Amino acid sequence: MRSLHPPHSSSVSLGKMLADWRRLSLAFLLLSFVPRIFAEKCSSTTYEWWRDDIRSGNRAFLVELEMRGGAVLCLSKGFGSSTELLDPVIRSIMHTANFDQQSKMPCSVLGGYISPNVDINIPNGTTASTARRRLLTGEEDICAASRPDLNTCKYPMQDELGQWSWGGIAYQIGQVNGNCTTPDEEKDGAVCHENARNELQHDWKHSPVYGGDEISCDEVDAKNTRYLSGVLFSQAPLLDDMKYPMYMVSSEVDRLAALDDTRNAGLQYAREMKGENGCDAEIVYEFFPKPGGGISVSLSQVMGCTIPEDENKEECKRKSRAIADSTSAYISNDVVVVPVKQSTLRESQYLPVRPNCDQGTNSTTIKMSTQFICAATGERINITSVKMSQAGSPDNQLFDAGGKRVVEISRDQSNPTTFQFDPANPSDCWYKNSCGGWSFGPGFSFEMDAASAPESCGSFYWDPLILSVAGDGMAASVKASSGANESPTALQGFSVLLTITALNFLL
């Protein structure tokens, strides 16, 4: 090896010393890039991360930018193999004040994100245990596996209509204190499209949940960010009226650690409610009172299509309207519970309606507290008025020209408030502009008067929980012999090249 110091000889030229110094400086410059890359980029493939870093029974998260916000895949790992992915995989999309959720087939997600070599975990007959295919199934579930063809990784109408998911809830906080949240696309979304024309912000962010290991990394292609113990999303669409974080955690241990960290604003007020395979979406809205006090919030809910809407517009609308017509709500233990008919939901998924599993049963889509929490004191304060929209005939004097009225939500679970005033004779006026010149859907309004929501509280927290739609119960794994994606990443190769080049300068 050449000496890095000039030898003790008066015959060494100044040019030789300068050349050695330039060589040494360039080598150190090249080496300085290696740790910087690994600090920002993932050092393993997605397959290796899923197989080696995620514990069975835990969740992991892949985040990507989308529209004016982003999306997250919640991946639940089973106990059947080191790569088993449970059904359903939950994809949540957030932008401005909109939240959409889709349930996806595990084999399709494995094939698209982790490895193309997929095994579908098919149960052995009708008595196969579902405990390893669903994290939260405590006993035998005869209704878990139901897809007609369990040997293929295709949705029932994938070939015919392009079906791409099992569907899920889509809802929007439509207005807060009279300010709307629907962007005017002609103004690049900077203002609301309604009469108020208030400003809108689209500063969507994501980061690790505080309190856990707080590990995240960007994948080499920069499309996704991986989160291990939990992910926090934040958005402030109405700076003077509303902002919100959303928390998703990997395990109960991580949830308790997050609760102990005071930097997770508002999380201490979120109620513990379980989603599919623990993929809870804990959204903690922070509302600010009007000048002088008082808060008003409106929310609308629909069920998303399971097929491409643009290509099958009428089919999509028909399925979505049927679910809306089956929507109801009731209040129990200070929580608004919103179910839809399970049979109608199954029909929208193009799955068979099973007499012993789906007929006469409901599937809950969202739960919302009937209390806002005063930020200054932590006190839970009852919301003054909790109402739901109803659809009926404009010939009925109880309804306006568009066939709509708004009523207080029932507190009797056996007699819930239904979206259709007369479910046996549903009105179609709610989606026909020809009735009153406008359309609407299942909506909810929350009002607090000035005495209940004083400015002295500073702000108020509110924590709805979104429940994902169940899939067909079929988990999936990477084939054991595939050796999937185990080669070094391009980034690793580039870093190795930098290191070798730097060493060559030193030798």
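**Close-up views of a predicted model**

**View 1. L62 stands opposite R226 in strand β10.** The model shown is predicted. Strand β10 spans residues 225–227. β10 is joined to strand β1 by three bridges. The two strands run antiparallel.

**View 2. Strands β1 and β2 form a hairpin.** β1 covers residues 59–66, and β2 covers residues 69–76. Eight bridges pair the two strands in the antiparallel sense. E66 faces G69 of β2 across the pairing. Two residues lie between the strands. One of the turn residues, M67, has a positive phi of about 50 degrees. β1 is mostly covered, with six of its eight residues buried. In a regular strand, side chains alternate between the two faces of the sheet.

**View 3. Helix α5 has its buried residues along one face.** The helix runs through residues 252–259. D254, R255 and A258 are its buried residues. Looking down the axis of α5, these residues fall within an arc of 105 degrees, so they line one face of the helix. An α-helix has 3.6 residues a turn, so residues three or four places apart point the same way. The buried residues of α5 pack against β12 (242–249).

**View 4. One cavity of 30 Å³ or more is counted.** The largest cavity holds about 60 Å³ of space. Its lining includes G304, C305, E315, K319 and Y350. Helix α6 (residues 313–325) gives the most to this lining, with five residues. By type, the lining has five nonpolar, four polar and two charged residues. Rolling a probe the size of a water molecule over the atoms shows where empty space is left.

Technical notes
Residues numbered from 1 in each chain as written. Predicted model: local features only at pLDDT ≥ 70, side-chain atom pairs only at ≥ 80, totals over all residues. Heavy atoms only, no water. Buried < 20%, exposed > 50% of the residue type's maximum accessible area, 1.4 Å probe, protein only. Helix = DSSP H or I, 4+ residues; strand = E, 2+ residues; numbered from the N terminus. Pairing = 2+ DSSP bridges. Arc of directions from axis to C-beta. Contact = heavy atoms within 4.5 Å. 1 Å grid on protein atoms, 1.4 Å probe; cavity = no way out; pocket = protein on both sides within 12 Å on 5 of 7 lines; lining within 4 Å. Points joined across faces, edges and corners; volume = space filled by probe spheres on them. Nonpolar A, V, L, I, M, F, W, Y, C, P; charged D, E, K, R; others polar.
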